[in-house]
Amino acid sequence: MNFELTEEQQMIRQAARDFANTELLPGVIERDEKQEFPKELLNKMGQAGFMGMMVSPEYGGSGLDTLSYVLTMEELSKIDASASVIVSVNNSLVCWGLETFGTEEQKKKYLTRLASGEIIGAFCLSEPEAGSDATSQKTTAIDKGDHYVLNGTKNWITNGASADVYLVIAQTDREKGHKGINALIVEKGMEGFELGPKENKLGIRGSDTHSLLFNDVKVPKENRIGEDGFGFKFAMKTLSGGRIGIAAQALGIAAGAYELAKKYSQERKAFGTEICNHQAIAFKLADMHTEIQAARLLVYQAACDKDANRNYDMSGAMAKLYASKVAMETTVEAVQVFGGNGFVKEYHVERLMRDAKITQIYEGTSEIQKIVISRGILDR
């Protein structure tokens, strides 16, 4: 067992930390309040190499391992979870899915531009009546020979307005159940494709989340990913890796809140001494540090499983389940350490607390993770 990061991984972590502090920290409160993420920041993340970290250099990516990606996600999430979820979706759900299962033509047409950050992508699975139950797709893609006709609605889509390429999961043959589902590449601007309302969210407010409406959208047959009926398996395999990214996001949110709370406790005085000298606060910090380190080891293990080509369904689910729990608990305690100031936006911890909640919900709720884990340990 080797717990040491390579020199390259340490450099990547430091680069992400520097970027977060110099580029993301300024204006993060205002972006949260205004629910916006400027295009120039997206461009800077692309220029920094964050948008196609695991993509092969052949397609314009950085060719890095999953652990390097996780380290980057952790550092970005300490400062701005809205930025990190953009990175997560583009890397884990869109680029990885296209590189692993897409045709050479699809990779050349879409992946190279996605990996460089020239354009960004969105992953479209959830629907009004098909969130955790992903088999109950109401969106349909009717086979018309050389194209599909796409109809339906997708909900809670990250990068909904800012994306240029959308991976849409839809039902082609309902009688076949999950084996009748396909994954299609849809481009912004296709006739009949409309953007629905922007969601007014509790957290990650800088990330644009929209519903998407498809009304007789003609999607060329060459835009299908994989063989006919591969869509559900594509979605599940892609989400397994996506959960590692969200686990890293949750880890970063927790670590960011802890670091703020620790610093504040060493500056704030009460009863004649810094509050970190009071056992009530010191023990909170001890618990937070321990839980974060435990979560970090689970997240790193899942990343290493993926890099070693081992099955990472269960380790990814455990990492997301536990890291998201730690993120929620740590941010609540961080607000408590700050006292009244923790309830005020300028101290950042209230935003981190709001951001933490979504990590227990998207890319598979905590309850879904327990299903994955229980099936894994019972070998079903």
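These legends describe close-up views of a predicted model.

Residues are numbered from 1 along each chain as its sequence is written, and side-chain values use heavy atoms, with hydrogens and water left out. Because the model is predicted, local features need pLDDT of at least 70 and side-chain atom pairs count only at pLDDT 80 or more, while totals for chains, interfaces and linings use all residues.

View 1. Helix H3 spans residues 39-47. Helices are DSSP runs (H or I, at least four residues), numbered from the N terminus. Leu41, Leu42, Met45 and Gly46 are the buried residues of H3. They sit on the same side of H3, because they cover an arc of only 145° around the axis. The arc is taken over the directions from the helix axis to the C-beta atoms. Residues three or four places apart point the same way, because an α-helix has 3.6 residues a turn. Glu40 and Gln47 are exposed on the other side of H3. Buried means under 20% relative accessible area, exposed over 50%, and partly exposed in between (1.4 Å probe, protein chains only).

**View 2. What covers H3, and what follows H3.** The cover over the buried residues of H3 includes helices H1 (7-24), H2 (28-34), H5 (81-101) and H6 (104-116).

**View 3. Packing of H5 against H6.** The two helices pack at an angle of about 155°, with their axes 10 Å apart. Axes are lines fitted to C-alpha atoms, for helices over the stretch in contact, and angles run from 0 to 180 degrees between N-to-C directions. H5 and H6 are therefore roughly antiparallel (angles over 145 degrees). From H5, the contact uses Asn90, Val94, Cys95, Leu98 and Glu99. From H6, Lys107, Tyr110, Leu111, Leu114 and Ala115 take part. Contact means heavy atoms within 4.5 Å.

**View 4. Cysteines without a disulfide.** The disulfide count is zero, where a disulfide is a pair of cysteine sulfur atoms within 2.5 Å. Cys124 is in no disulfide, and the nearest cysteine sulfur, that of Cys95, is 14 Å away. Cys124 counts as buried because its relative accessibility is 0%. Cys304 is partly exposed, with a relative accessible area of 31%.

**View 5. Gln10 in helix H1.** Gln10 lies in H1. Gln10 counts as partly exposed, at 38% relative accessibility. The C-alpha atoms of Gln10 and Gly177 are separated by 46 Å. Along the chain, these two are 167 residues apart.

Methods: Parallel < 35°, antiparallel > 145°, perpendicular 65-115°, else oblique.
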